[in-house]
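Open the model in your viewer and keep the selection panel at hand.

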Amino acid sequence: MRRIKLGILQTNHDKSVEVGDAFPDDAHRFRDLFDLQDERFTYRIYMTIGGEVPQDLDEQDAYMITGSPLSVLDQHVFTDALLDFIRRCDAAKKPLLGACFGHQAIALALGGTVERSSQGYNVGVEDTRFHETKDWMVPPRGSLRLYVFHEDHVTHLPEGCTLLGSSENCKIASFAKGDHIITTQAHPEFTYDFMACLLRFTEGKMPAFATQKAWDSLALEQDGSVFGAWATNFFKKALSDAR
């Protein structure tokens, strides 16, 4: 059976010695997550952080947009091209997954609202509770405990989108449009070691209480691998339905 060709749009390029030089980049973390599944993908990385986006949607079978420490509320060299790409995927019903920055970018591109949270950073391990069950959510779970690290959040869904999941500090933590777009505000691709390193590197930028809450939450197990299975099932079903 031919492998699914997955295009990963990387919106981050960490050049720090402490984090960027110590761990694989965002695209490779997602590759590691998906490679835990029985059915592996064929990958193509697009360095969207530098302005690269797919020109022809048929270059790949499906796409995903990574997270980033950048804010979608700012104008970047790739912003216009990325938002246009998202709209083209939506119009063509091309399977698309967005995580963190990608989640917010999809909301913004399709007419939703993204704002800076009045509560500040939301960091640590947090439950996303799902309001409905999709047939790609196998193994079935009512909630997933996932790593989160964000300050911006989606406050209004685009027209035609449905809310999938909410967390304590993020009402719109996951949404979908039709059978071709899904998102998560969380980071299922994070590992404990990476999250701990990232928290050490950034804790001086957050209030002490938020930092301590984040450290305490890291003692909890997280379900990134389950989300990896869900995403794999989503891509497979979306492509099967499109045939």
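Start with the largest pocket, which holds about 700 Å³ of space. A pocket here is an open set of points on a 1 Å grid over the protein atoms alone, with protein on both sides within 12 Å along at least five of seven lines; lining residues have an atom within 4 Å of a point. Grid points are joined across faces, edges and corners, and a volume is the space filled by probe spheres set on the points. This is a predicted model, where local features need pLDDT of at least 70 and side-chain atom pairs count only at pLDDT 80 or more, while totals for chains, interfaces and linings use all residues. Residues are numbered from 1 along each chain as its sequence is written, and side-chain values use heavy atoms, with hydrogens and water left out.

**The largest pocket**

Select Ser68, Pro69, Leu70, Phe149 and Leu198: of the 33 lining residues, these lie nearest the centre of the largest pocket. Next colour α1, α3, β7 and α4, each of which supplies at least two residues of this lining. Helices (H or I, at least four residues) and strands (E, at least two) are DSSP runs, numbered from the N terminus. The largest share comes from α4, with four residues. By class, the lining divides into 14 nonpolar, 11 polar and eight charged residues. Ala, Val, Leu, Ile, Met, Phe, Trp, Tyr, Cys and Pro count as nonpolar, Asp, Glu, Lys and Arg as charged, and the others, Gly among them, as polar.

**The second largest pocket**

Move to Tyr121, Asn122, Val123, Asn169 and Lys213, the closest to the centre of the second largest pocket among the 20 residues that line it. Its volume is about 360 Å³. β6, β7 and α5 each supply at least two lining residues, and β6 gives the largest share, five residues. The classes here are eight nonpolar, nine polar and three charged.

**Helix α4**

Select residues 192–202, helix α4, and show the side chains of Phe194, Met195, Ala196, Cys197, Leu198, Leu199 and Thr202, which are buried. Buried means under 20% relative accessible area, exposed over 50%, and partly exposed in between (1.4 Å probe, protein chains only). What do the buried residues of α4 pack against? They pack against α1, β6 (122–130), β7 and α5 (208–217), where contact means heavy atoms within 4.5 Å.

**Cavities**

A search of the whole structure finds two cavities of 30 Å³ or more. A cavity is a set of grid points where a 1.4 Å probe fits but cannot get out.

For the largest cavity, about 60 Å³ in volume, select Val72, Asp74, His76, Phe78, Thr79, Leu82, Leu83, Phe101, Ala105 and Leu108, which line it. α2 (79–92) and α3 (101–109) are the elements that give two or more residues to this lining. Seven of the lining residues are nonpolar, two polar and one charged.

For the second largest cavity, with about 30 Å³ of space, select Trp136, Asp179, Phe234, Lys237, Ala238 and Asp241. Its lining has three nonpolar, no polar and three charged residues.

**The nonpolar cores**

A nonpolar core is a set of buried Ala, Val, Leu, Ile, Met, Phe, Trp, Tyr and Cys residues joined through side-chain atoms within 4.5 Å. Select Leu6, Phe34, Leu97, Trp230 and Phe235, which touch the most other members of the largest core, a set of 31 residues. The elements that give two or more residues to this core are β1 (5–9), α1 (26–34), β3 (62–65), β4 (96–99), β7 (143–150) and α6 (224–242). α6 gives the most, with eight residues.

Centre the view on Leu97: among the residues that Leu97 touches are Phe34, Tyr63, Ile106, Ile182, Phe227 and Phe235, not counting residues up to four places away in sequence. A second, separate core has 26 residues, including Leu9, Ile65, Phe85 and Cys161.

Finish at strand β10, residues 170–177, where seven of the eight residues are buried. Strand β9 (residues 161–167) runs antiparallel to β10 and is joined to it by five bridges; two strands pair if DSSP finds at least two bridges between them. Show Gly165 and its bridge partner in β10, Ser174. β9 and β10 form a hairpin with two residues between them.

On the other pairing, two bridges join β10 to antiparallel strand β11 (residues 181–184). Here Ala176 has Ile182 as its bridge partner. The hairpin of β10 and β11 has three residues between the strands, and in it Gly178 takes a positive phi near 55°.
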